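Work through the exercises below with the sequence and the structure in view. Each task is followed by its solution.

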Amino acid sequence: MVVVGGGHNALVAAAYLARAGRTVLVLEKLDHVGGAAVSEQAFAGVPARLSRYSYLVSLLPDRIVADLGLRVALRSRSASSYTPAGDLLVEREPGEATAASFRALTGSDAEWERWGRWYDDLEVLAKALSPTMLEPLVSREHARLRVDSVARMRLWDQVVERPLGETLEELFADDVVRGVVATDALIGTHTSLHDLKANRCFLYHVIGNGTGEWQVPVGGMGAVTGELLRVAREAGAEIVTGAEVTRVDADGVRGEVEYDGRVVGAKFVLSGVAPSTLDFLRGRSARPVAEGCQVKVNMLLERLPRLRGGVDPRVAFAGTLHVDESYGQLETAYRESAAGQVPSVLPAEMYCHTLTDPSILAPDLVERGWHTLTLFGLHTPAALFEQDNDRLRDELVGRYLAGLNAHLEEPIESCLAKDADGRPCLEARSPLDLEAELGLPRGNIFHDELAWPFAEHEDEVGRWGVETDVANLFVCGAGARRGGGVSGIGGHNAAMAVLER
């Protein structure tokens, strides 16, 4: 069988199938595998390997790690989040410091108590739905019963049936608190919190591995890909890089893939590329693709900056630091960007990988106190960049840094390291950059809109969510149902669908 594309999901599928005794050929257009899950030395002459695109792991199931024998270490961050506008600290395991922070922000314990009940409920939701991600699709009603049998009856309604914005407005009174919750519904998704698209994104961000905790991959995201490459090759899969696929044919019985002037036949074809890209390879009109909507900025610092609020930067940047991400600011940024305008206020969040895992830096840089800083900007859809991608990207970087500087005692620019050519160690990627560099249509990190992680139609029940219109062609990438994020779930489920035949 042939796997088109060499992203992390494709490698998962290849490893499972090769271990089951199938002959597997993986074809990757780039000169390396991993897709967005890679680490690279981004700055000339500086021995630091950054997770250049994707950067945290939540959805990768322990079961895949165990099945494939992956030597992958994921570490918990020492803090969950910090919001300087309001001085709101959320510990990884919320305790008295978190309660005191809520009390100082809101004037009472009421909001903190509501927060605790909400996240207790979400933990129940995660434990109920997470196991289904590696199983054939269950019906919507079956999924609801799994949740409601162990949780408050209103939980399913709050997370699935009603727009998340309504739920947050009902549960929480404070605009900052609402915003901290809401960002999980918007990463990689351009939508209002009053659209159910936000609910779907939220689900993927809070049910991962039964906990929803986002963890730091030790060694960077490239370490995850490196392990997947190792186990796929050791199982016997052939991995070919620099191989650009130009045609895919499948008729339900036999498949054919053309690359670099060669044609290879296969009983099954698995596609790790976006569904719209697969349409093109099949000679079909490509379906419309949802806009990618994020700017990512990678920085290397000689020191962490001091914050005006006095909080230790080792605490503030260890988890997710929220800048201009109150509930109202998020909704305003969406409305403006949906109208074709660059948001007047740019919501962004950031974290420091090296506070949790310094191994991505050379030892001498660690000793000197250097750190990485990753910024992820929301509600900047691809269409905004079409007229002048480079100009707008550079403009937004300046505005993001200014937004952060409003909360710092010293400008972040003064903390930036310099590369071997004397340039600041900072790089940024827009949605159009992701399209050009990784082949992500419109820069959409999920390949398209996320789908509910359960069947929406009766004929989908019992299927794997990876099937296409022909019986021997499967989607194994992020475009599969339940395929979003760094998870390997799409690859696992495509392999299981093949092995059932």
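**Exercise 1.** Find the ring over which the charged end of Arg 140 sits.

Solution. A charge sits over a ring if NZ of Lys or CZ of Arg is within 6 Å of the ring centre and within 35 degrees of the ring normal. For Arg 140 the ring is that of Trp 452, with the centre 5.7 Å away. The model is predicted, with local features needing pLDDT of at least 70 and side-chain atom pairs pLDDT 80 or more, while totals for chains, interfaces and linings use all residues. Residues are numbered from 1 along each chain as its sequence is written, and side-chain values use heavy atoms, without hydrogens and water.

**Exercise 2.** Find the ring under the charged end of Arg 77.

Solution. The charged end of Arg 77 lies over the ring of Tyr 351, 5.4 Å from its centre.

**Exercise 3.** Count the aromatic pairs and classify the pair Phe 268 and Phe 474.

Solution. Rings of Phe, Tyr and Trp (its six-membered ring) pair if their centres lie within 6.5 Å; planes under 30 degrees apart are stacked, over 60 edge-to-face, and the rest tilted. The count is ten aromatic pairs. Phe 268 and Phe 474 have ring centres 6.2 Å apart and planes at 40 degrees, so this pair is tilted. Both Phe 268 and Phe 474 are buried (under 20% relative accessible area; exposed is over 50%, partly exposed in between, with a 1.4 Å probe and protein chains only).

**Exercise 4.** Classify the pair Trp 452 and Phe 454.

Solution. The ring centres of Trp 452 and Phe 454 are 5.6 Å apart and the planes are at 10 degrees, so the pair is stacked. Trp 452 is buried, at 4% relative accessible area, and Phe 454 is buried at 1%.
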